[in-house]
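Reader: I would like to go through this model feature by feature, taking the general idea of each term before the particular case. Could we begin once the sequence and structure are in view?

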Amino acid sequence: MRSRYAAFAVRDAGYLLRTWHPATRPQTLDLDPATRWVRLEILAATEGSAFHTTGTVTFRAHYTDGGGPGSLHEKSRFVRHEGAWVYEEAVFAE
């Protein structure tokens, strides 16, 4: 989760696409250069250890866009795919 947040912060679309499950991954990703990600709060996590095949992370990511602050609150599901953890989908987002 933290590495994907960092990839959003530096606009590394390639990394984001590589760490996205192929069943839900978009073909392209257009990251807005006006959005500046400034802070990540991990609010909760379930499963996701070496013994699990799925896990969730609930987070709030703070950003500025056009000079105004905002945040994304999401619970994300991650799964193991070919031995690596990948983002599958948002379970909820606000």
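Reader: Is Glu41 buried, partly exposed or exposed?

Author: The general idea is a scale of relative accessible area, on which buried means under 20%, exposed means over 50% and partly exposed lies in between, computed with a 1.4 Å probe and protein chains only. On that scale Glu41, at 24% relative accessibility, counts as partly exposed. Before going further, please note that this is a predicted model, in which local features need pLDDT of at least 70 and side-chain atom pairs count only at pLDDT 80 or more, while totals for chains, interfaces and linings use all residues. Residues are numbered from 1 along each chain as its sequence is written, and side-chain values use heavy atoms, with hydrogens and water left out.

Reader: With which residue does Glu41 form a salt bridge, and how many salt bridges does the rule give?

Author: A salt bridge is counted when a side-chain nitrogen of Lys or Arg lies within 4 Å of a carboxyl oxygen of Asp or Glu. The partner of Glu41 is Arg39, with the closest N and O atoms 3.7 Å apart, and Arg39 itself is partly exposed because its relative accessibility is 45%. The count by this rule comes to three salt bridges.

Reader: How many aromatic pairs does the structure hold, and what is the geometry of Trp20 and Tyr87?

Author: Rings of Phe, Tyr and Trp (its six-membered ring) pair if their centres lie within 6.5 Å, and planes under 30 degrees apart count as stacked, over 60 as edge-to-face and the rest as tilted. The structure holds five aromatic pairs. In the pair of Trp20 and Tyr87 the ring centres are 5.3 Å apart and the planes stand at 85°, so the arrangement is edge-to-face. Because Trp20 lies in the loop between helix H2 (13-18) and strand S1 (35-47), whereas Tyr87 lies in strand S4 (residues 84-93), the pair ties together parts that are 67 residues apart in sequence. Trp20 is buried at 13% relative accessibility, and Tyr87 is buried at 10%.

Reader: Which charged end sits over the ring of Trp20?

Author: A charge sits over a ring if NZ of Lys or CZ of Arg is within 6 Å of the ring centre and within 35 degrees of the ring normal. For Trp20 the charged end is that of Arg4, 5.1 Å from the ring centre.

Reader: Which residues make up the largest nonpolar core?

Author: In soluble globular proteins, nonpolar side chains tend to be buried together. A nonpolar core is a set of buried Ala, Val, Leu, Ile, Met, Phe, Trp, Tyr and Cys residues joined through side-chain atoms within 4.5 Å. The largest one here has five residues, namely Tyr5, Trp37, Leu40, Phe59 and Ala61, and the elements giving two or more residues to this core are S1 and strand S2 (54-65). Tyr5 and Trp37 also belong to one aromatic cluster with Phe8 and Tyr63.

Reader: Where is Glu74, and is Glu74 buried or exposed?

Author: Glu74 is placed in strand S3 (residues 68-81), and at 9% relative accessibility Glu74 counts as buried. Contact means heavy atoms within 4.5 Å; leaving aside neighbours within four places in sequence, the contacts of Glu74 include Val57, Phe59, Tyr87 and Phe92. A polar contact is a pair of N or O atoms within 3.5 Å, where within protein one must be able to donate a hydrogen and the other to accept it, and residues adjacent in sequence count only if both atoms are side-chain atoms. The side chain of Glu74 makes such a contact with the side chain of Ser76, at 2.6 Å.

Methods: Helix = DSSP H or I, 4+ residues; strand = E, 2+ residues; numbered from the N terminus.
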